[in-house]
Amino acid sequence: MWNTRSVMQVLNAVAAVVMFSVVAGAYGVQFINSEVPCPLCLLIRVAMLAAGFGLCLNALWGPRAVHYGVSLLACVLGAGISLRQVSLHVVPGTGSYGSAVLGFHLYTWAFIVFSTMILAIAAVLTFQRQFGPRKALAPKIVKPIAVGVTCIGLLLSATNVVTTTVECTAGACPDNPTSYQIHL
Amino acid sequence: MMALLFLIWTGAFGLALANRRRASVVGGLLGLILTAAMFRYHLTDTILLGL
């Protein structure tokens, strides 16, 4: 039966897909434009996955304060990381990292996405009924959607383990990487 | 080290898919703390806090 709770589960799944699609887009830039991601770029990806993770938990088990808390903390951390990278290049003559997409660099887009997600979660938290009793069963379609989105997050995270190992090996990633440390 | 961070998040997603809600939340919070520590490391070359 559809109620506020189950609708919020689907909305959280959609929001998680948005966060994961940004990471997938960063992968596209990495391989299509042959750009090696910097350490801050990788940390932004981690924060994107983390924000999506909290939303996946909401989609899987229904909205809870701790799930939203994980997403909010990840968004604040991600906004801080992306703002740090913006500040490194904001002074004229300091250059930029990577190519621009639709007029903005990826770290600027990341800051916009994190800020928007913080506002969106704050707005969604005003719907008190989503935290109500869990007696009514959610429609059957909700669970497969939630599991599918969580699988996307797992897949993206696992592929990042491989590509980051190829780029940085086991040590710290170089500040301005120009090539992968493991040549395949 | 960065790959280890992604590995922790992979584990958190895996726990969520294995129906281990509490463990996945703990894994996620641990991953967030380590992400913040890694951010600090890339800013200052240390993760230690000092007054």
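A residue is called buried when its relative accessible area is under 20%, exposed when over 50% and partly exposed in between (1.4 Å probe, protein chains only). By that rule, buried residues make up 44% of the 184 residues in chain A. This is a predicted model, where local features need pLDDT of at least 70 and side-chain atom pairs count only at pLDDT 80 or more, while totals for chains, interfaces and linings use all residues. Residues are numbered from 1 along each chain as its sequence is written, and chains are lettered from A in the order in which they are written.

**Chain A**

- Chain A has five helices and zero strands; helices (H or I, at least four residues) and strands (E, at least two) are DSSP runs, numbered from the N terminus.
- The C-alpha trace of chain A spans about 55 × 40 × 30 Å along its principal axes.

**Where chain B meets chain A**

- Here 42 residues of chain A are in contact with 28 residues of chain B, contact being heavy atoms within 4.5 Å.
- B:Phe6, B:Phe13 and B:Arg21 supply 26% of the area that chain B buries against chain A, more than any other three residues; buried area is the accessible area (1.4 Å probe) that two parts lose on being put together, summed over both.
- Between the two chains there are zero salt bridges, a salt bridge being a side-chain nitrogen of Lys or Arg within 4 Å of a carboxyl oxygen of Asp or Glu.
- On the side of chain B that touches chain A, α1 (2-17) and α2 (21-44) of chain B each give two or more residues, and α2(B) gives the most, with 13 residues.

Technical notes. Heavy atoms only, no water.
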